Amino acid sequence: MRLILIGYGVVAQSLTKILTVRKQEILKRHKMHPRVVAIVDRGGLALNPKGLDLEKVEATKKKYGSVAAIPEYGSPGKTAQDIIENLDAEVVIEATPTNLNSGEPGMSHMEEALKSGKNVVTVNKGPLALALPALSEMATYNDVHLRFGGTVGGGTPILDFGKKCLSFDKLIAIEGILNGSTNYMLTEMEQHGTTFEEALSEAQDKGYAEADPSLDVDGLDAAAKLVIMANWFTDKEVTLKDISIKGIRDIKPENLKEASERGFAIKLIGRIDEELKVGPAELRKSDPLCIGGTLNAVKFQSEFAGDEIIIGKGAGGPETASAILRDLLDIREKM
Amino acid sequence: MKIIMKFGGTSLNSADKVRNVSRIVKDHSQNNQITIVASALSGVTNLLEKLSKQSKHNSKKIIANELEKFTKLHTNISKDSIKDQKIKEEVLKNILSIINELKSVLEGVYAIGEITPRSRDKILSFGERLTVIIVTGALKDIGISAEPFTGAKAGIVTDEKYGEANPLMSITKMRISEILQPLLSKGIIPVVTGFMAATQTGDITTLGRGGSDFTATILGAALSVDEVWICTDVNGMMTTDPKIISDARTISQLSYSEALEMTVFGAKALHPRAIEPAQENKIPVRIKNTLDLTGSDTLISNDQSIIKGEIAKSVALIKDVAMVNIGGAGMVGKPGIAAKVFETFAKEEINILMISQSVSEANISLVIHKHNLENAVNTLELSLLSRGFANRINAEDDVCVIAIVGAGMKGSQGVAARVFKAVADKRINVRMIAQGSSELNISIVVKEKSCEKAVMAIHKEFDMGKS
């Protein structure tokens, strides 16, 4: 199976690492021989139709900052647009940074890939949050698969788990803690009485929150995940503009303390029922959904099976890369 | 309000009419966000169809000749409908450059000596491309800001079924709202070509005859408008053909399903495929007369309510049909005969309009389009007679279908009896009857010579006329 890798950040680097280290196992156990024929990063392109030597690619990236510096196979300055349509490959893995304003450049990459009949695995939430119904239609029309297991819950298979929970059952509601950084901040503020600003800079120091934290603290990241879940689990065709969103900037340590004394915790909750909503809400501390730290948790409420909860790490390079591998395997089985 | 206004070719085929349309748009543009959908001038798509066929084997000279007439038609209307010299020159320049493009496409087809469905769609789309230029010019001429769009540029993405393409609705909705909504918010009126769209890779497709109505409801769904106005040359959908009955009246309200039944049975005011995007997104559609905009019209909406006492809303006459009877004792108790008939017809691409079978199974009657008759009888004979499934197949080509439509028929008793009595009182024999289990319509077959009398009798029986 030939792969094109667009974006070579933490997640994609973890992926190539796993592909190198576990090469034999993937071949033996899963009968899959993934060959990365092209990698594009900000500096340019590395391309070898026979499959790139991933160890060399990793070393080049580390040394020179771009895969394009690799001798013989590198082309500095080239972009994804130059290769997606015409290079032969089965799957395009889209791992460029999330942009919730225009979805670019990921949006164009995914459209190009689907139009040219390539399967797409993405860990980039932007295009999905803005246009998942359209992208799914494009995939169906071109008879290819669009998979995005790593966009919700990182390595925790929330989408697969939920699909199983809800097959043959009627969904009543889905609710969950979908953003690790804000959950960390709220946990800190509750336990140590720190202010919002202090908790934020701590989260940034530890690498849990981005330099521009608005995606997290204004609830946009959670809302993007809610869009993905709503399209995946229900027949709703929705995008980011259909979600009512409120972040956690207004939460004071006093609010958390007061709630705590009553046996409640304030969490940033995304909820799907008749409405689609992201915002701070109180959870009873005894509720299994009420988890602390950077964890994610999602509860599926269905008519017959009742409540089912999945908890796991919501982010991280190797974790998210493992979700990409699951998606690849899924596509491989359907091919 | 947010409105789509679709103008058909008959609303645009003279300078006066173009000016009338631009005045209508101006009058409504004060308090509304308007998007216009324009068809080709009447006759133009037929002419293009003819040209596309001819260019296969005719000389460059014929293309040049026809194109000259074509150019004159469009430039004359522009010259007479636009006063401002600068706007006029701009419009004429654009028209000539589009016609030049058409010329090279036609010559290309001529040179290759072959026309593909794809090139045919490209050729057919030129009529609409020219009208949007004219309409945009006429609007600018009276001080309205407007911008012309092809359906493709406006964001309609379809599959690759050239000639009768289907929109990829999720992609289309997203694109249209991205492209047109910002203009509407700025008070600019998009003028969009009806009928034409493009595939995901940008190849031009057409939506089939009557496709401009389809364009209008697709845009309506994408922009979540309050109403789609189909502006045509009649006052909405009528209880029956006013040429048969002078007493025919505009139906003021129809549900989507009723409208669908009526369009399938030949109500020309709206294309049947146009109903789906409207129904799915609950967008009301109004059928209006361009020359009598404030007069009576038909509103098609999600409103299922049935006016008390109103049982049937319309009665349509469908001519050019034929009835085929298949009979024989060999058919009794033998499963699969009907399947055999359908299969035979499907293979020959013959549409079945009506079907009925007696409980004894000794007879199946079908109604098909008259032009399929010889082919149908022949293939049925080959597949049924020779194998002993049936021993007689006969055809009647002097019949017609009368279709009575109305949601009020559902659950009300004696409707069929009233139909029969009304017709019997005029001494007309009913040859065949069919009613779907939806109870939205009853269709009967009568001899052609008495069909108009039958329509009148039914129209009167159900009080459809002017009160």
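A: Begin with a sheet. Strands of a sheet pair through backbone hydrogen bonds, either parallel or antiparallel. In chain A, seven strands form an open sheet with mixed pairing, in the order S4-S3-S2-S1-S5-S6-S7. Strand S4 (74–76) and strand S7 (146–147) of chain A are at its edges with a single partner strand each, so one side of each has no neighbour in the sheet. Helices (H or I, at least four residues) and strands (E, at least two) are DSSP runs numbered from the N terminus, and two strands pair if DSSP finds at least two bridges between them.

Q: What should I know about the model and its numbering?

A: This is a predicted model, in which local features need pLDDT of at least 70 and side-chain atom pairs count only at pLDDT 80 or more, while totals for chains, interfaces and linings use all residues. Residues are numbered from 1 along each chain as its sequence is written, and chains are lettered from A and ligands numbered from 1 in the order in which they are written.

Q: In which sense do strand S1 and strand S2 of chain A pair, parallel or antiparallel?

A: Strand S1 (residues 2–6) of chain A pairs with strand S2 (residues 35–41) of chain A in the parallel sense, over five bridges. Arg2(A) has Arg35(A) of S2(A) opposite it.

Q: Which strands of chain A does S11(A) pair with?

A: Strand S9 (residues 244–245) of chain A runs parallel to strand S11 (residues 276–284) of chain A, and two bridges join them. Ser244(A) has Lys277(A) as its bridge partner in S11(A). Strand S10 (residues 264–272) of chain A runs antiparallel to S11(A), with nine bridges. Opposite Phe264(A) stands Arg284(A) in S11(A).

Q: How is the packing of two helices described?

A: Two packed helices are described by the angle between their axes and the distance between the axes. Axes are lines fitted to C-alpha atoms, for helices over the stretch in contact, and angles run from 0 to 180 degrees between N-to-C directions. In chain A, helix H1 (residues 10–21) packs on helix H12 (residues 317–334) at about 65°, with the axes 8 Å apart. That makes H1(A) roughly perpendicular to H12(A); angles under 35 degrees count as roughly parallel, over 145 as roughly antiparallel, 65 to 115 as roughly perpendicular and the rest as oblique.

Q: Which residues of H1(A) and H12(A) meet?

A: Two residues are in contact if their C-beta atoms, placed from the backbone, lie within 7 Å. From H1(A), residues including Val10(A), Leu15(A) and Ile18(A) meet a set in H12(A) that includes Pro318(A), Ile324(A) and Leu325(A). By class, the contact of H1(A) with H12(A) has eight nonpolar, four polar and no charged residues. Ala, Val, Leu, Ile, Met, Phe, Trp, Tyr, Cys and Pro count as nonpolar, Asp, Glu, Lys and Arg as charged, and the others, Gly among them, as polar.

Q: How do H3(B) and H6(B) pack?

A: Helix H3 (residues 60–81) of chain B and helix H6 (residues 126–141) of chain B pack at about 10°, with axes 10 Å apart. H3(B) and H6(B) are therefore roughly parallel to each other. His74(B), Ile77(B), Ser78(B) and Ser81(B) of H3(B) meet Leu130(B), Ile134(B), Gly137(B) and Ala138(B) of H6(B). This contact divides into four nonpolar, four polar and no charged residues.

Q: How does H1(B) pack against H6(B)?

A: Helix H1 (residues 15–29) of chain B packs on H6(B) at about 60°, with the axes 9 Å apart. That makes H1(B) oblique to H6(B). The residues in contact include Val18(B) and Val25(B) of H1(B), and Ile134(B) and Leu139(B) of H6(B).

Q: What counts as buried or exposed?

A: A residue is buried if 20 or more other C-beta atoms lie within 10 Å of its own, exposed if 12 or fewer, and partly exposed in between, with C-beta atoms placed from the backbone. Leu67(B), in helix H3 of chain B, has 17 C-beta neighbours inside 10 Å and so counts as partly exposed. In helix H10 (residues 256–264) of chain B, seven of the nine residues are buried, so the helix is largely enclosed by the rest of the structure. Among the buried residues of H10(B) are Tyr256(B), Leu260(B) and Met262(B).
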